[in-house]
Amino acid sequence: LALLLSVIATLLCLLLAYPLAMILCGMQVNQHSFIVFIFILPMWMNFLLRTLAWQTLLEKTGVEITFIEKQEVTPEVLQGAEIIFGNLSPQLINTIDSIRWVQLDSAGADSYKGLRDDITLTNCSGAYGEAISEHMLGCVLAVEKNLYAYHDRQKERSWENLGSVPVMRNLKVLCVGMGDIGSSFAQKMHLLGCTVYGVRRSVHDVPDYIETMYTMDNMNDIL
């Protein structure tokens with residue numbers, strides 16, 4: 001149906017556009033501008049109607065969005081709210097009968113298992129993998145390259161050599177947990193030449209940047 005409608009719309013545009021182009025070519029400048037204005041006017045009207053529709057939706061009689069600092073949230077403020085974006089106390093959320101959806105700004109949601117059954121809970125899983133894994137990579141480099149110790153000595157104006165440091169390709173890295181953050185970190189370490197091992201609840205599809213995938217059952221042997 002969608003393909004048929006697309007073909008019909010294309011044919012109609014062709015049937016209207018070519019005769020119009022021929023008519024415009026034979027017109028004077030003033031007439032030409034007026035005809036173009038007539039054909040552009042419906043597009044402007046469409047944009048205007050959509051703007052008015054959003055204005056109606058966002059009026060006080062439609063969708064009302066309120067931003068408030070977490071420490072200022074009280075049961076009185078939440079009265080009538082249906083959607084919460086943020087990590088409020090589960091106990092507080094359960095006291096507000098109107099709430100139907102809670103969108104966390106974190107990936108972890110374990111502390112929200114006790115929410116009422118009529119509340120839909122969603123999290124931000126997948127939003128922090130790149131940022132946190134880059135921070136983890138920076139920490140690994142700082143430790144392996146003695147950057148913390150050199151920083152302290154630099155403040156003391158001491159240029160003492162602290163000895164050799166390993167190159168990344170000689171390191172073996174074990175990632176316990178292969179979610180969004182763990183997988184992103186494992187990829188970065190693999191690109192630096194490290195031999196990367198992974199641990200997850202069950203072994204299924206093993207990415208090409210993982211040497212071997214393990215489960216939590218044989219953690220002691222792995223370490």
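Me: Which residues does valine 196 touch, not counting residues up to four places away in sequence?

Reply: A contact means heavy atoms within 4.5 Å. Leaving out residues up to four places away in sequence, valine 196 touches Val173, Cys175, Ala186, Met189, His190, Tyr209, Ile210, Glu211 and Thr212. This is a predicted model: local features need pLDDT of at least 70, side-chain atom pairs count only at pLDDT 80 or more, and totals for chains, interfaces and linings use all residues. Residues are numbered from 1 along each chain as its sequence is written, and side-chain values use heavy atoms, with hydrogens and water left out.

Me: How many residues are in the largest nonpolar core?

Reply: A nonpolar core is a set of buried Ala, Val, Leu, Ile, Met, Phe, Trp, Tyr and Cys residues joined through side-chain atoms within 4.5 Å. Here the largest has 14 residues, and Met189 and Val196 have the most contacts inside it. Strand E4 (172-176) and H7 each supply at least two of its residues; the largest share, 3 residues, comes from H7. (Helices, H or I, at least four residues, and strands, E, at least two, are DSSP runs numbered from the N terminus.) A second, separate core of 13 residues includes Val73, Leu78, Val102 and Tyr112.

Me: Is serine 184 buried or exposed?

Reply: Buried means under 20% relative accessible area, exposed over 50%, partly exposed in between (1.4 Å probe, protein chains only). Serine 184 lies in helix H7 (residues 180-191) and counts as buried because its relative accessibility is 6%. Beyond residues up to four places away in sequence, serine 184 touches Gly129, Glu130 and Ser133.
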